Amino acid sequence: MTRAPIILQLLLVTLCTLSVSVFSSSTSSATDEFLGCLAVDIPPALLHTPVSPSYTPILLSSVRNLRFVLPGTPQPLAIVAPTEPAHVQAAVRCGRRHGVRVRVRSGGHDYEGLSYASVDRRERFAVLDLAALRDVRVDAARAEAWAGSGATLGELYYAVGVASRTLAFPAGVCSTVGVGGHLSGGGFGTLMRRDGLAADNVLDAVLVDADGRLLNRTTMGEDLFWAIRGGGGESFGVVLSWKLRLVRVPETVTVFKVQRQRNQSASDLITKWQSIAPALPRDLSIRVVVQNEHSQFEALFLGRCSRLLSLMRARFPDLGVTRPDCEEISWIQSTVYFAFYSSSKQLELLLDRGSKPDRYFKAKSDYVQEPIPVHVWERTWSWLEKPEAGLLILDPYGGRMDSISPSATPFPHRKGNLYNLQYYSFWFDDGTAEMEKRLSWVNGLYKEMEPYVSKHPRTGYVNYRDLDLGTNELAGNVTSYVKARVWGEKYFKGNFKRLAAVKARVDPDDFFRNEQSIPPLPAAKEWSFIQNPTY
Ligand code: FDA
């Protein structure tokens with residue numbers, strides 16, 4: 001059978017399941033009341049329920065991972081597609097009044113599908129799909145921009161690139177990732193070593209809180225403004241838009257990609273890269289993608305090829321980069337180069353928000369603080385050359401990341417981290433056996449790397465969300481802080497408690513909740529019962 005009919009089949013089954021599970025249950029009158037409440041302020045064209053023909057297309061419009069549209073996955077009882085802040089405020093207020101949680105979706109790239117699917121079959125939730133709130137306004141003279149959460153990174157980069165050849169924004173490499181989720185969890189890409197995370201370059205934000213109020217930086221206060229810049233999406237409210245600091249780049253930058261095979265000393269090169277890349281000048285970033293029997297070194301340099309070559313000769317001669325490897329292009333063209341692996345493609349590709357999901361994937365991440373020995377890399381090829389293998393992505397830190405305090409934002413992985421290591425498994429064939437094979441690959445390699453990565457805790461990046469690290473449990477009516485520390489300190493280390501304290505202040509009833517949302521910090525008297533608080 002070809003791929004299209006399989007997807008179609010999946011959708012039809014999903015739709016049928018929904019129409020049975022949601023609408024024939026005893027909750028139907030509560031659901032009707034919730035929908036009735038929404039209808040007061042939200043035009044019918046923006047409200048999609050499982051009985052509307054528009055429901056499935058809009059649900060799938062930004063799904064990236066087929067794992068979360070499999071039959072039986074709990075899905076929203078409504079999707080609201082707001083076109084103005086008042087619609088978001090109404091959805092939050094109606095949700096609270098009628099006991100329906102709201103999951104927020106900007107670009108839909110959440111690794112565990114939490115912006116549109118739930119693990120808990122009993123959960124009644126609606127999705128707020130912010131795709132229409134994607135206006136990007138660039139003020140080139142002030143080197144600032146306002147971006148709607150529903151914009152993709154590609155749309156943001158395009159708007160910046162059109163406004164000026166010498167302005168840029170430091171964020172991730174995949175152009176379809178949504179601004180809303182990306183900035184909420186940090187956001188790193190090729191400019192990180194010079195300019196930090198996307199979240200480090202946020203100047204202001206507009207947010208709808210758990211009471212449905214519209215707040216900006218001044219009215220939300222510095223604690224909440226701190227929490228939304230890296231504390232992970234969903235927990236604190238719905239961020240509608242972000243004011244961004246743009247950064248200066250030269251008119252011409254240089255990129256290269258060079259591949260080295262296993263039999264061309266790839267293990268040696270990766271081993272050396274671990275110490276070299278994080279210590280390079282800030283205007284050079286070289287990441288590595290390792291797949292099958294080859295490693296690919298991918299670089300962005302904020303300058304001309306001639307300077308890059310002399311730097312490479314001095315700092316990393318073994319990689320053997322030569323003039324023909326260089327391409328001199330504009331920064332905006334470099335975003336196309338990294339997203340689509342070609343510099344000749346049209347800039348307009350950045351505006352493509354992507355189509356229906358075409359793959360299943362599962363990823364995990366680590367931070368590496370000491371170079372992994374060469375014999376371990378040698379052993380890793382036996383994993384990478386398996387038929388069910390995925391790939392590894394190594395993103396170098398250092399530079400500006402070393403000079404930002406780990407508590408400046410909730411994102412704590414600063415000085416002392418050489419690079420982020422991502423294990424990414426993906427597959428196209430349906431079926432449990434295939435899925436188990438792929439999951440077992442990613443879990444097996446992750447386990448094998450344990451001795452060589454960060455410890456106490458073994459940390460990970462919240463934007464590479466991984467529910468294997470732990471999921472929330474309730475303590476009474478709210479998420480248990482003690483249980484959440486298991487996963488929370490892996491993403492946020494010592495910042496987790498402060499995030500929970502902010503949550504207790506701005507959303508004490510835990511309305512914005514999902515499998516890995518920040519729990520409210522228990523009140524002081526309950527807190528005293530908690531064993532071994534480490535902060
Ligand atoms: P999505 O809409 O699924 O939201 C993610 C989470 O944030 C959910 O919990 C959601 O509820 C919440 N949320 C979304 N919008 C919100 C809002 N407006 N207000 C409050 N909460 C909100 N990362 C990186 O740092 N560098 C990279 O280069 C890449 N590359 C990359 C490639 C691909 C193919 C994928 C799938 C992912 C990445 N990522 C990445 C990871 C990416 O940064 C991460 O998945 C983001 O959370 C995605 O944001 P979206 O808005 O697309 O996701």
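**View 1. Glu144, a buried residue in a predicted model.** At 18% relative accessibility, Glu144 counts as buried, since the cut-off for that label is under 20%. Everything shown in these views comes from a predicted model. Glu144 belongs to strand β6, which covers residues 144–148. Leaving aside residues up to four places away in sequence, Glu144 touches Arg137, Val138 and Asp139, along with Leu203, Lys243, Leu244 and Leu246.

**View 2. Strand β8 and its two partners.** Let's move on to β8, residues 202–208, a mostly covered strand in which 5 of the 7 residues are buried. Strand β10 (residues 238–245) runs antiparallel to β8, and 6 bridges join the two. To find your place in this pairing, look for Val206, which stands opposite Ser241 in β10. Strand β9 (residues 214–215) is also antiparallel to β8, joined to it by 2 bridges. Here Val208 has Leu214 of β9 as its bridge partner. β8 and β9 make a hairpin with 5 residues between them, and in its turn you will find Gly212, with a positive phi of about 80°.

**View 3. An open sheet of 7 strands.** Reading across this sheet, the order is β15-β12-β14-β13-β17-β18-β16, with antiparallel pairing. The edges are held by β15 (327–329) and β16 (360–368); each has a single partner strand, so one side of each is left without a neighbour in the sheet. On average, neighbouring strands of this sheet are turned by 20° against each other, direction ignored.

View 4. β16 pairs with β18 (residues 419–427) in the antiparallel sense over 9 bridges. A handy landmark is Ser365, which stands opposite Gln422 in β18. Helix α15 (residues 432–449) packs on the sheet, where it touches β16, β17 and β18, and its direction makes about 160° with that of β18. Helix α13 (residues 374–384) lies across β13 (284–291), β14 (294–301), β17 (391–396) and β18, and runs at about 135° to β17.

**View 5. Where α10 meets α13.** The axes of helix α10 (residues 266–276) and α13 come within 9 Å and cross at roughly 130°. The two helices are therefore oblique to each other, and their crossing is right-handed. On the α10 side, the contact is made by Ala266, Ser267, Asp268, Ile270, Thr271 and Gln274, while α13 brings Val374, Trp377, Glu378 and Trp381.

Methods. Residues numbered from 1 in each chain as written. Predicted model: local features only at pLDDT ≥ 70, side-chain atom pairs only at ≥ 80, totals over all residues. Heavy atoms only, no water. Pairing = 2+ DSSP bridges. Helix = DSSP H or I, 4+ residues; strand = E, 2+ residues; numbered from the N terminus. Axes fitted to C-alpha atoms, helices over the stretch in contact; angles between N-to-C directions. Contact = heavy atoms within 4.5 Å. Parallel < 35°, antiparallel > 145°, perpendicular 65-115°, else oblique. Left-handed = near helix turned anticlockwise from the far one by under 90°. Buried < 20%, exposed > 50% of the residue type's maximum accessible area, 1.4 Å probe, protein only.
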